[in-house]
Amino acid sequence: MDQGKIDILRARPVPAFSHLIEGQHVAASDGATLDVVSPIDGQVLTTVARGTAADMDTAIASARAAFEDRRWAGQPPAARKKVLMKWADLIEANALELAVLGVRDNGTEIGMALKAEPGSAAATIRYYAEALDKIYGEIAPTAGDILGLIHKEPVGVVGAIVPWNFPMMIGAWKLGPALAMGNSVVLKPAETASLTLLRLAELALEAGLPPGVLNVVTGEGAVVGQALGLSMDVDVLVFTGSGATGRRLMEYAARSNMKRVYLELGGKSPNIVFADAPDLAEAAKVSAAGIFRNAGQVCVAGSRLLVEAAIHDEFVAEVAKAAQAMRVGDPLQVDTQIGAVNSDVQLAQNLRFVDTAQAEGGQVVIGGHRILAETGGYYMAPTIVTGVTPDATLAQNEVFGPVLAVTPFATDDEAVRIANATVYGLAGAVWTSTLGRAHRMIRDVRTGVMHVNTYGGADGTVPLGGVGQSGNGSDKSLHAIDKYINLKTAWIKL
Ligand code: ADP
C-alpha cells in the first residue's frame, strides 16, 4: 500500500450519488437526499438519494422487464461469463480508489478494506463467473419409458439488502451467484455505506452487464428496504444484517408474495481457549485480532472469549497486551489496525453495552471509552470485560463493536454449554493440541463455522452461514448457488 496514493485519493471531493436504475443515474422521485457522514472525522462527505417506495418499485419493474426479455438470462453462459470476468478485472483495476472511497464512507482500516472489499469482491465475482458454465442439470433414474429431467432455472428478480461493515464483500457474495445464474438484482445498500456499491454497479455496466439487470436504490431501510421486502414482484430476498431486520423481512414476505428469504444475521461467537493450546501467545494475538479488527464490526467476530480457568488471568493479560499493541485511529493510515466505528449511533450503543456490563458485575480490564474525540471521528478503545456470566447482557447480545466479553470455564462440557447458551450460532473457535477435543468441539458447538487454532480468514471455497437466530442459507462456495435457482422437473413420456 502506498500512503502517497491513498492521501491523493482521500483529498478528492466526492460527488453526490443517485440511484442506478435501468443503467441511468436517477434522483429520488421527490428529490430528497441523505447526508453521508464520514466516521473518520464526523464531516459530511457527500449525499446519496433518499429513495422513496416509488423509486424502489421503478427499480423492481426495471429488473423484472430485464429478466422477462432475457437480455441477460438468455445470453449463452460463455457470454455471461465474459462480462462477469471483465467486471472482476475492472474492480481489481480500480481497487485502491474503491477501497479509499469505502473507508471514507464506513471507517474500516485501509489494510483490511483493500483485501476484504475490492479484493474479495473481485475474487467472488470471478469465482462464480468461472463456475457458471460448469453447472449441469440432471437426468433422473426413472423407468425406461420416462425421461425425467431436472432443470436449474434462475429465480427471476432477487432483492439484496446489505449492511455497512463490508458492503462490497457482502454485496458480491449475493451479486456473484445471483447474476451468474441469470437473475436480475435490485440492491439496497445500508444508509451509511452506499457509495462503493453504486460504483461497483457502474463498473458492471462498463463491463457489459445490460441495463436493468442490476439496479441499486439507496435510502432508508424502513422505506426502500421495506418496499423491496413487501414487493409482489421480487422472487427471492437475500439479506445480511441484524436479527431485528431479518425478522421484519420474514414478516414482509409472509404479508406479500411469500418470497423466499435468506438471512445472514448476527453472532456472539465463542472463542474457546484451552490450556493445551499449541501456542498461547499466538492464540492471544489472533483472538485480539478476531474481535478488534474493523473495530469489532464483523459478523463472525470472536466476541465471547471462553478461557479455561487455569490460564484465565495469564491469558487475558496476553490478549490485553496484544490489543493495546494494535494501532487505533485514522483508517486511511496504512499502519492503522483498528479504524473508526461506523456512526455516532453505533458508538453510543457500544458504550451503553459497556455500562450495562459493569452494572451487571463485569470488570473492564482495558478500554471502555471513546478516544480521539478531538478528530470529530468515532473511535473506541479496544475493550475487554472479564467476569461476564453466561446469561449477562454482554454474553447474550451482539455489540458489533470492539468489546470482548470474557468468561472462564472448568471442563469441556461446561465450555460447550456456555458456547451454546445464546440464540446465535454463526462462528466459533477452539484452541487445543488435543485432536479428539478439537473434533468434539467442532461437533458439539452449534455454529455454521468452527475454527481450530486460528480465527477468521476463510476464503470463498467454503460456505458461511449461521444456524439458530444467526440465519439460514449460506453465502460463498458453490452451495450459495442453490439460493438463486429453482429446480424444474420435466417428466417426458417416451
Ligand atoms: P444494523 O443495525 O447493523 O445497521 P440493520 O439490519 O438495521 O443492521 O441494517 C442492515 C440493512 O438492512 C441496511 O441496508 C438497512 O438499511 C436495512 N434495513 C433496516 N431496516 C429495514 C427494514 N425495516 N426493512 C428492510 N430493510 C431494512
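Predicted model: local features only at pLDDT ≥ 70, side-chain atom pairs only at ≥ 80, totals over all residues.
UniProt positions are given here in the numbering of this chain, with shortened feature names, and such annotations may be inferred rather than shown by experiment. With that in mind, the unreviewed UniProt entry carries the annotation "domain: Aldehyde dehydrogenase" over residues 29–489. Residues are numbered from 1 along each chain as its sequence is written, and side-chain values use heavy atoms, leaving out hydrogens and water.

The span 29–489 is 39% helix and 19% strand, and its end C-alpha atoms lie 42 Å apart. Helices (H or I, at least four residues) and strands (E, at least two) are DSSP runs, numbered from the N terminus.

Two strands pair if DSSP finds at least two bridges between them. Strand β13 (residues 304–308) runs parallel to β18 with five bridges, and Leu-306 has Thr-407 of β18 as its bridge partner. Strand β17 (residues 383–386) is also parallel to β18, through three bridges, with Thr-383 opposite Val-403.

Now to the interior. A nonpolar core is a set of buried Ala, Val, Leu, Ile, Met, Phe, Trp, Tyr and Cys residues joined through side-chain atoms within 4.5 Å. The largest one has 111 residues, and Trp-87 and Phe-315 touch the most other members. Helix α6 (residues 167–180) gives this core its largest share, nine residues. Because domain 1 (3–265 + 471–493) and domain 2 (270–459) both contribute residues, the core lies between them; these bounds come from an automatic or database domain assignment.

Aromatic rings give a last view. Rings of Phe, Tyr and Trp (its six-membered ring) pair if their centres lie within 6.5 Å, with planes under 30 degrees apart counted as stacked, over 60 as edge-to-face and the rest as tilted. The count is three aromatic pairs. Tyr-127 and Tyr-128 are edge-to-face, because their centres are 5.0 Å apart and their planes stand at 80°. Phe-274 and Phe-409 also have centres 5.0 Å apart, with planes at 70°, so this pair is edge-to-face. Phe-274 sits in the loop between β12 (270–273) and α10 (280–292) and Phe-409 in β18, so the pair ties together parts 135 residues apart in sequence.

Key. Buried < 20%, exposed > 50% of the residue type's maximum accessible area, 1.4 Å probe, protein only.
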